Amino acid sequence: MKKLSAFLITLLGMFTIAAAATFSTPGSDFALIKGGTFSMGSPESEDWRSNDETQHSVTVASFYMAKFEVTQKEWREITGKNPSNFTGDKLPVESVTWLEAIEFCNALSRRDERTPVYTITDGGKTVTWSRSANGYRLPTEAEWEYAARAGSTTPFYSRKVPGADDVNFYGHYPYQIEQNYFNDEVLETRPGVYRGKTLDVGSFKANPNGLYDIYGNVGEWCFDYYGDYGKDAQTNPTGTSQGTRRVYRGGGWNDFGKNLRSAYRAAMPQNNSAYNVGLRLVCNADDSARGIITTREIVAGKNSASGKGKSLIVFYSWSGNTRGVAKEIARQTGFDIIELELLKPYSSDYNTVLDQAQSDQHKQARPVLKTKIAREKWAEYDTIILGYPNWWASIPMPIASLLESYDFSGKTIMPFCSHGGGRFGQSLTAISKLAPKAILTAGLSIHYSGGSSLSKDVEKWLKKVQR
């Protein structure tokens, strides 16, 4: 009997050691984020908050988070490829889809003899997460925000608004510059350099949790589908079980300061990629969170109401740059074209329109459209080629009015924009949120009027998205 008891004690000890090893630290490049409870989202008083940032109490278990974003060297070692727009071993990998990101997590787990977290079926439409697995994975939205905040309740983890010396972003536009273009001396953080590219990971000081580039450089994919938070307290939330867009957080090299906030939520279809979105790894620290999470993509079917597959170019232009791009698309395709006009147009004076249009965006106003498209006519179009200028790293509010005035369910949106250096900014996120049941293709960003390369750029884009 004593021998049997000793054997059981020994066996129990072996299981204890095995369990401890299962959740051992993944390495010195990971920081332990101790679990706790925090207020997720933003208070209604926070400047430039969005309506989808409902503040609520969230409790998360402890986890390990990589101190650095995944680099191109690390990605290439696992996949043999480098899809990035900017190239360099120490630069963060970008231009990867959400599905590619979770496949990378599984492959890295297998290399390091950890249990892969995800099971991918139906061509990626169904993804199952085993929460007790010890492999690498993407953070949940809640984990990402908890780690980024590092105990703070302000828009950023630091009391002082981050500037170009602290973060790699569109440094000309620090937080709250929009209201202070003509008097930026009132800002604590003044405009700085805009580098227009990614930088080596770890180029700036880490946040209090030891995480580098948690704001800026590249946005970071999270596990969750984009959806409403609700107001109820939650423990280890994982988002909705079905959706059309996946969340990414933190802002990138071309983002304005307002979109670096800890509470800001960006979203994109899981099969899409962007030159300012990459990933950061996490893994479990213990077995506090258990169970199987199954998520399914809601795929918008092609709108076949017309049966004709017709396409419409619809755009808003103020200075004429977007109009020029729209006309070139029409010239090459022969598609119908409509320019949006406002019932009360913005001023033709540059300084005045800055105040008018920026104020509308700040308030999320919906200016009334003078242009009307008959419902039966609208139903004829399966594809909407949607154009606009990139204003303050997002869409102009006339485009928001359009997206909320017509049914985009099942339609394909092909976005294009004119810009002064920020490419799409967060405008694709704005479209994703306002037209969640539409299919969103890769977009075309044109610097100002496009110059001599406009025709070739349009031709290349059309071939890419229409094949």
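Predicted model: local features only at pLDDT ≥ 70, side-chain atom pairs only at ≥ 80, totals over all residues.
## Salt bridges

Glu143 and Arg137 form a salt bridge, with the closest N and O atoms 2.9 Å apart; the term here means a side-chain nitrogen of Lys or Arg within 4 Å of a carboxyl oxygen of Asp or Glu. Both Glu143 and Arg137 are buried, where buried is under 20% relative accessible area, exposed is over 50%, and partly exposed is in between (1.4 Å probe, protein chains only). Residues are numbered from 1 along each chain as its sequence is written, and side-chain values use heavy atoms, with hydrogens and water left out.

How many salt bridges does a search of the whole structure find? The count is 22. One of them pairs the side chains of Glu53 and Arg261 at 2.7 Å, N to O. That pair links distant parts of the chain, 208 residues apart: Glu53 is in the loop between strand E2 (36-40) and strand E3 (56-60), and Arg261 is in the loop between E10 and E11. Strands (E, at least two residues) and helices (H or I, at least four) are DSSP runs, numbered from the N terminus. Glu53 and Arg261 are both buried. Arg111 also has a salt bridge, to Asp112, and there the closest N and O atoms are 3.0 Å apart. Asp112 counts as partly exposed because its relative accessibility is 30%.

## A four-stranded sheet

Next up is an open sheet of 4 strands, in the order E11-E10-E7-E12 and with mixed pairing. Strand E11 (266-268) and strand E12 (277-278) stand at the edges with a single partner strand each, so one side of each has no neighbour in the sheet. Two strands pair if DSSP finds at least two bridges between them. Strand E10 (residues 246-249) and E11 run antiparallel and are joined by 3 bridges, with Arg246 opposite Met268 in E11.

Strand E7 (residues 219-225) is mostly covered, as 7 of its 7 residues are buried. E7 pairs with E10 in the antiparallel sense over 3 bridges, and Trp221 has Tyr248 in E10 as its bridge partner. With E12, E7 pairs in the parallel sense over 2 bridges; Glu220 stands opposite Gly278 there.

## Rings and a charge

Arg246 turns up again beside some rings. Its charged end sits over the ring of Trp98, 3.6 Å from the centre, and Arg246 also lies over the face of Tyr225, at 3.6 Å from the ring centre. The test for this is NZ of Lys or CZ of Arg within 6 Å of the ring centre and within 35 degrees of the ring normal.

On the aromatic side, a search of the whole structure finds 26 pairs. Rings of Phe, Tyr and Trp (its six-membered ring) pair if their centres lie within 6.5 Å; planes under 30 degrees apart count as stacked, over 60 as edge-to-face and the rest as tilted. Phe68 and Tyr212 are stacked, because their ring centres are 4.8 Å apart and their planes are at 10 degrees. This pair spans 144 residues, from Phe68 in the loop between strand E4 (63-66) and helix H2 (72-79) to Tyr212 in the loop between helix H4 (141-149) and E7. Phe68 counts as partly exposed at 26% relative accessibility, and Tyr212 counts as partly exposed at 25%. Phe156 and Tyr175 make an edge-to-face pair, since their centres are 5.2 Å apart and their planes are at 80 degrees. Phe156 and Tyr175 are both buried. There's also one aromatic cluster, whose members include Tyr170, Tyr173, Phe256, Trp391 and Trp392.

## Helix H5

Helix H5 (residues 321-333) has 13 residues and reaches 19 Å from its first C-alpha to its last, close to the 18 Å expected; the expected span is 1.5 Å times one less than the number of residues.

Which residues of H5 are buried? They are Thr322, Val325, Ala326, Glu328, Ile329 and Ala330. An α-helix has 3.6 residues a turn, so residues three or four places apart point the same way. The buried residues of H5 pack against several elements, among them strand E15 (310-315), strand E17 (381-389) and helix H10 (454-466), with contact meaning heavy atoms within 4.5 Å.
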